[in-house]
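Please have the sequence and model open while reading.

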Amino acid sequence: LETGYCTITVTGRHTDWVRCLAARCDGQLVASAGNDRDIHVHVANGANRGASHCILQGHEHVVESVAFLTGPSAAAAGDAARWRRWAQKAGDAADY
């Protein structure tokens, strides 16, 4: 954080508390997750900053953590007793 002030605020996407955020290492995407069991991926830079990139759904419990991975995976999120790897294809997931 170089500036020390808010550069973007995204509201109205989640229906319950947001518990975690993760930024992709290239700074292009930000993922948010929380009590509504959804992961929202947002555009972080450019003319479409703040726009919805995709919504990853399918967790059975509150999502307590989210992170971007390298390689073919877009994001990983943890809930109760497992974690889920989301592939770059829209909505493809594998449970671990």
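Where is the place of Arg 37? Arg 37 lies in the loop between β2 and β3, strands being DSSP E runs of at least two residues, numbered from the N terminus. This is a predicted model, in which local features need pLDDT of at least 70, side-chain atom pairs count only at pLDDT 80 or more, and totals for chains, interfaces and linings use all residues. Residues are numbered from 1 along each chain as its sequence is written, and side-chain values use heavy atoms, with hydrogens and water left out.

**Loop residue**
- Most residues other than glycine have a negative phi.
- Arg 37 is not a glycine, yet its phi is positive, about 70°.
- Arg 37 counts as partly exposed because its relative accessibility is 40% (buried is under 20%, exposed over 50%, partly exposed in between; 1.4 Å probe, protein chains only).

**Sheet**
- The 4 strands form an open sheet in the order β1-β2-β3-β4, with antiparallel pairing (two strands pair if DSSP finds at least two bridges between them).
- β1 (18–23) and β4 (52–56) are the edge strands, each pairing on one side only.
- β2 (residues 29–34) and β3 (residues 39–43) pair in the antiparallel sense over 5 bridges.
- Val 30 has His 42 in β3 as its bridge partner.

**Nonpolar core**
- The largest nonpolar core has 12 residues, including Cys 20, Leu 29, Val 41, Phe 68 and Trp 86 (a set of buried Ala, Val, Leu, Ile, Met, Phe, Trp, Tyr and Cys residues joined through side-chain atoms within 4.5 Å).
- β1, β2 and β3 are the elements that give two or more residues to this core.
- β2 provides the largest share of this core, 3 residues.
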